[in-house]
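Please look through the following report slowly, with the sequence and the coordinates open beside the text.

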Amino acid sequence: MRIVETMHKEDWPAILGRIAGGLFLLVGVLLAAGLCVASPQDNPVPSIFDPHSTPAESIRHLSHFVLGITGLIFLVVFSLLSYVVVRFRRRVGDPTREPAQVYGSTQIELAWTVIPILIVAVLFAATARVIHAIQDAPKPADAVEVTAIGHQFWWEFRYPTMGIVTANELHVPVSDPAHPTPTFLKLLSADTDHSFWVPQLAGKTDLIPNHPNETWLDPHETGLFLGQCAQYCGTQHAKMLLRVYVDSPEDFHTWVQAQKQPANQDAKEAAGRRVFETTACVNCHAVGGTNGTGRFGPDLTHLMSRRTLAAGAAENTPEKLRLWIQSPDAIKPGSLMPAMKLSDGDVDALVRYLETLQ
Amino acid sequence: MSAITTPLPQTPVAWKLPYRGRVGMTCLIFAESAIFTIFVVAYLFYVGKSLSGPTPGEVLETPIFFTICLLSSSLTIHLAGKFLERGRRGAFLLLWLFTIVLGALFLYGTGKEWYRLIYEHGLTISTNLFGTTYYSLVGLHATHVTAGLVMLSIVFLFGLAGRVGPEQSARVDVLSLYWHFVDAVWVVVFTVVYVLGR
Amino acid sequence: MSSDAMAIQTAETSGQPWVQRLHEWVTTVDHKRLGILYILLALLFLVIGGIEATVMRIQLMWPHNDFVSPRVFNRMFTMHGTTMIFFVAMPILFGFANYLVPLMIGARDMAFPRLNAFSFWLSAFGGLLLYFSFVGGNGLYGAGTAPDVGWWAYAPLTSRAFSPGHSSDYWTIALIVSGFGSMGTAINIIATIISMRCPGMTLGRMPLFAWLNLTMAGMVFLVIGPLTAAQLMLCVDRYLGGHFFDTQAGGSATLWMHFFWIFGHPEVYVLVIPAFAFLSEIIPVFSRKPIFGYPVMVGATMCIGFVSMSVWAHHMFTIGMNSYANSFFAITTMVVGIPTGIKIFNWLGTMWGGRILLKTPMLFCIGFLFQFLLAGLTGIMLSAAPFNWQLSGSYFVVAHFHYVIVGGILFALFGAFYYWYPKMTGRMLNETLGKLHFWLFLIGFHLCFDLMHIPGLLGMPRRIYTYEPGRGWETLNFLVTIGAFVQGIAILVFVANLIISYFKGAKAGNDPWDAWTLEWSVSSPPPAYNFASVPTVASRRPLWDLKHPEDPDSRYE
């Protein structure tokens with residue numbers, strides 16, 4: 001009986017030490033990157049560790065707790081693993097006989113069963129509290145109500161109490177903790193599954209056809225918050241972007257008043273309006289006060305009050321608007337907007353008309 | 001390392017393990033149960049959720065007679081197995097044939113009911129949720145009855161040719177285990193469709 | 001005796017024309033050959049699935065990259081997921097089970113050799129069907145080739161309205177076909193273990209490998225059954241105008257989610273339990289100690305199998321279940337962590353006080369322990385439902401389950417390859433190439449999947465073919481892609497090692513690792529029907545007893 005083994009010259013402890021060091025560094029980078037805080041006005045990095053709304057903040061508290069416990073478990077088990085590998089590895093000159101044959105130990109098994117059970121109990125208690133706090137939160141009387149409807153591949157927002165219909169850019173008032181004015185969203189879908197996710201404001205909730213859902217935001221700071229559809233919904237799932245503007249109460253009021261206005265009826269752009277009303281545009285799009293009442297595409301009554309086109313895929317500029325009308329695939333291949341194939345003159349007139357829809 | 005050329009010790013020990021056919025069939029029954037469970041869950045989930053008629057209460061009639069046929073075939077196949085074990089081939093064949101007839105009667109009953117539902121009540125698999133779930137669940141069961149009947153008939157033909165004797169008893173038992181399963185599933189389907197679902 | 005047998009075998013096979021040899025392989029019902037066929041099939045699909053992953057990673061290297069179109073990207077992630085789960089992970093694990101279970105329990109073949117061959121060919125043709133969609137998926141509509149509905153194919157995206165043509169049908173039928181194959185193999189594994197053990201091999205003396213595969217096979221019924229049922233319903237919807245998942249007719253999209261995840265979550269354990277099985281054989285041999293707490297290991301495995309049946313909806317925390325349902329699935333998910341933790345501690349207990357030989361198989365096992373620990377901990381994070389509302393559907397989840405499947409299962413599989421390759425081929429895998437493979441893969445893996453967690457925390461959802469610049473995702477995605485390439489190179493080293501060692505590797509002999517289970521008592525590769533005479537065993541480590549007649553295990557049992 002002999003052991004078939006020639007010993008290796010590498011210095012295992014040193015290598016393992018280096019790996020361990022590297023991994024700790026990596027975990028540090030992970031945490032640092034996660035905790036990086038963007039400027040409050042503009043929030044280009046939608047980090048879940050930089051919340052500005054009550055539900056997202058409760059989740060961050062929970063996540064710190066969970067990260068703490070799991071981090072501790074990692075340290076203990078990882079140290080144990082490293083110790084075992086370094087301490088009990090075979091070295092040159094070890095005796096060739098087999099080590100002591102140990103089959104198990106009831107006490108030890110019991111210990112490493114009971115301790116995890118206790119940890120799970122603690123984790124669950126913390127989790128259940130936050131689940132309850134977010135899901136069963138009462139809706140205050142002056143909450144803003146919004147119905148969000150997911151479409152392939154854009155968002156429709158309706159404010160039923162105010163009679164506003166808009167798309168892709170949600171406006172909500174900032175909520176003062178003393179007098180909270182949270183926004184409650186009813187989530188519906190017109191076609192496939194979608195998911196409403198603005199990481200800095202709340203966790204995600206799916207929009208499922210025939211299955212109404214609800215979520216709420218309670219933002220504490222004004223600014224623009226970015227998100228996007230988080231449930232695969234078809235070809236252009238990637239460009240179903242979402243922008244939430246948290247306005248001061250005054251700004252929100254102004255915005256609401258502007259949205260309530262009927263569409264601009266500029267006689268100078270009657271030609272463009274005629275193009276809109278006499279082509280396939282009206283099958284899918286609505287503009288208040290025209291014969292366009294389509295519901296498959298975004299409502300265009302106040303198109304110019306939005307900063308982006310095509311669910312955030314392009315900036316709202318005349319050039320992009322023209323491109324979007326003539327060849328949507330250049331901006332968002334696979335979107336359900338057809339290329340309109342209009343003459344150059346018609347497109348120019350149409351773009352000029354749409355530019356007046358403030 | 002010296003290759004172990006000597007075989008391992010050969011001390012005789014008393015060693016009896018379950019028959020592999022029986023184990024295999026039991027496993028198959030587990031897998032099939034999982035499939036049926038999902039169909040039953042879907043049926044129960046959609047009870048009363050159809051957006052249009054006809055509803056189960058309006059059109060379903062409880063198939064008491066055909067249910068008795070199928071359930072009694074469990075008894076006949078069991079007895080057939082017992083007779084085979086004792087070497088009484090004639091009795092085995094007779095009861096086996098009886099089982100086939102009872103199973104075929106049940107299938108005929110299902111077919112008759114479907115004919116009535118389709119031509120008298122206009123209920124097809126695409127009419128509403130009830131139609132979809134009903135035909136799928138009952139149809140899945142009927143498929144299993146059909147598969148069972150094919151296997152029973154093959155054994156019967158072998159039996160007529162004189163090739164089924166007591167030495168095949170264990171194998172025949174495996175088939176009758178399947179048949180019992182098909183009957184048991186019908187009890188569940190019957191309860192779900194004709195009792196709870198109305 | 002054994003070397004004679006081997007010589008005879010070689011003489012037999014090398015003299016035949018290749019057509020005849022091919023014919024023998026195609027018509028074989030031998031569990032060892034079928035095991036190898038399973039493994040080769042899986043390796044082929046591993047390469048294909050790897051190429052699909054590479055395409056996706058290249059596309060995501062830069063924001064607004066246009067390496068592939070969105071449709072192609074969507075097909076890539078659908079095919080990648082489906083391929084890797086159903087046509088790589090399952091067949092390769094079945095392959096090892098097929099090869100090793102009869103040898104380990106002293107049987108001469110599986111319980112149903114012909115069913116075994118049938119199951120293999122069902123799986124193989126299932127894979128073929130799936131890939132045939134690239135040719136036949138268009139249908140009359142010209143509606144696109146391979147399926148692009150995602151590997152979990154949420155309704156109503158799979159309805160005729162949103163998925164015209166035949167691509168989704170190929171997906172559905174391929175999974176039904178290969179699903180029947182999986183069930184056949186599972187039936188075979190169970191019947192073999194229950195009914196074919198050699199005299200003296202009581203359940204309590206079986207190698208843990210057999211125990212864990214028994215559990216896995218039992219779970220396959222409860223996993224593939226619901227999947228098959230749901231796929232049949234989808235067929236009814238798509239071909240007969242049914243309404244199971246038709247939301248326009250009152251059908252429910254969430255019902256599909258439930259059915260899919262009733263399959264989907266335990267499926268993870270179907271894959272990881274055989275990986276546990278590899279560890280439970282390799283770690284004791286390379287630590288020179290018996291497995292620590294054998295009964296506890298069996299119990300913990302059963303416990304995992306049992307609890308994992310009640311955790312499925314933790315994939316669905318965001319669909320708007322009520323707070324009680326969310327709490328229930330949070331606690332059951334956390335509870336799975338307990339038996340899993342026990343298993344990790346037991347492996348550490350096995351290594352404790354041993355004399356650990358750091359050869360390639362053991363290196364991969366240590367890699368598994370480290371990565372599986374981390375994967376388990378991110379799993380705990382995901383089980384905290386509110387935290388999950390942020391993490392689910394993001395790249396954090398993608399990183400998490402790749403940690404399980406690549407960092408865990410694939411590492412264990414590589415360990416298994418290095419450990420059992422000598423038994424299957426008679427030749428050792430090259431140790432230097434093996435170490436290179438290990439370190440390259442380890443570096444690539446961590447570069448890729450450690451960093452992949454972070455974009456998820458920064459709000460990057462999965463399944464997007466491109467992303468906006470300026471959200472802090474660019475650098476990370478670039479590095480992740482580099483990591484993917486490094487892993488690709490490591491896989492090439494591995495494949496090269498498999499091929500080179502097959503021809504040039506050192507002769508293995510019967511028992512190169514000085515191991516204790518029955519497969520090492522026969523020649524490498526084992527002769528037809530494995531055992532010239534069926535052995536009798538008296539303990540869990542029959543070869544230990546043989547090598548240490550002065551201190552056999554059987555004395556303590």
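Which residue is the bridge partner of Phe196(A) in S8(A)? In this model, which is predicted, the bridge partner of Phe196(A) is Thr205(A), a residue of S8(A).

**A hairpin in chain A**

The pair belongs to two strands of chain A: strand S7 covers residues 194-198 and is joined to S8(A) by four bridges, with the two strands running antiparallel. Three residues lie between S7(A) and S8(A), and together the two strands form a hairpin. Strand S8 of chain A, residues 202-207, has six of its six residues buried, so this strand is largely enclosed by the rest of the structure.

**Two helices of chain A**

Two packed helices are described by the angle between their axes and the distance between the axes. For helix H2 (residues 54-87) and helix H3 (residues 106-135) of chain A, the angle is about 175 degrees and the axes are 10 Å apart. Because of that angle, H2(A) counts as roughly antiparallel to H3(A). On the side of H2(A) the contact includes Pro55(A), Ile59(A), Leu62(A) and Phe65(A), while H3(A) contributes residues including Ile119(A), Leu123(A), Ala126(A) and Val130(A). Sorted by type, the residues of this contact are 12 nonpolar and two polar, with no charged residue among them.

| Property | Chain B | Chain C |
|---|---|---|
| Secondary structure | six helices, zero strands | 16 helices, zero strands |
| Radius of gyration | 22 Å | 24 Å |
| Box filled by the C-alpha atoms | roughly 75 × 55 × 20 Å | roughly 70 × 50 × 40 Å |
| Buried residues | 36% of 198 residues | 68% of 557 residues |

How does each radius of gyration stand beside that of a globule? In chain C the value is close to the 24 Å that the globule rule gives for 557 residues, so chain C is as compact as a globular protein of that length. For chain B, by contrast, a compact globule of 198 residues would have a radius near 16 Å, but the chain has 22 Å. From the N terminus on, the elements of chain B run α-α-α-α-α-α. If one considers contacts between residues at least 6 apart in sequence, 84% of those in chain B join residues at least 24 apart, and in chain C the corresponding share is 81%.

**Where chain C touches chain A**

This contact takes 81 residues from chain C and 83 residues from chain A. Several helices of chain C each give two or more residues to the side that touches chain A, among them H4 (70-104), H8 (253-287), H10 (323-351) and H14 (431-457). The largest share of that side comes from H10(C), with 16 residues. Divided by type, the residues on the side of chain C that touches chain A are 46 nonpolar, 26 polar and nine charged.

**A loop residue in chain C**

Finally, Pro512(C) is found in the loop between helix H15 (474-504) and helix H16 (542-547) of chain C. Is this residue buried, exposed or partly exposed? Pro512(C) has 19 C-beta neighbours inside 10 Å, and since a buried residue needs 20 or more, Pro512(C) counts as partly exposed. Although Pro512(C) and Lys423(C) are 89 residues apart along the chain, their C-alpha atoms are separated by 8.7 Å.

Key. Residues numbered from 1 in each chain as written. Chains lettered and ligands numbered in written order. Predicted model: local features only at pLDDT ≥ 70, side-chain atom pairs only at ≥ 80, totals over all residues. Rg over C-alpha atoms; globule rule 2.2 N^0.38 Å. Buried ≥ 20, exposed ≤ 12 C-beta atoms within 10 Å, placed from the backbone. Contact = placed C-beta atoms within 7 Å. Pairing = 2+ DSSP bridges. Nonpolar A, V, L, I, M, F, W, Y, C, P; charged D, E, K, R; others polar. Axes fitted to C-alpha atoms, helices over the stretch in contact; angles between N-to-C directions. Parallel < 35°, antiparallel > 145°, perpendicular 65-115°, else oblique.
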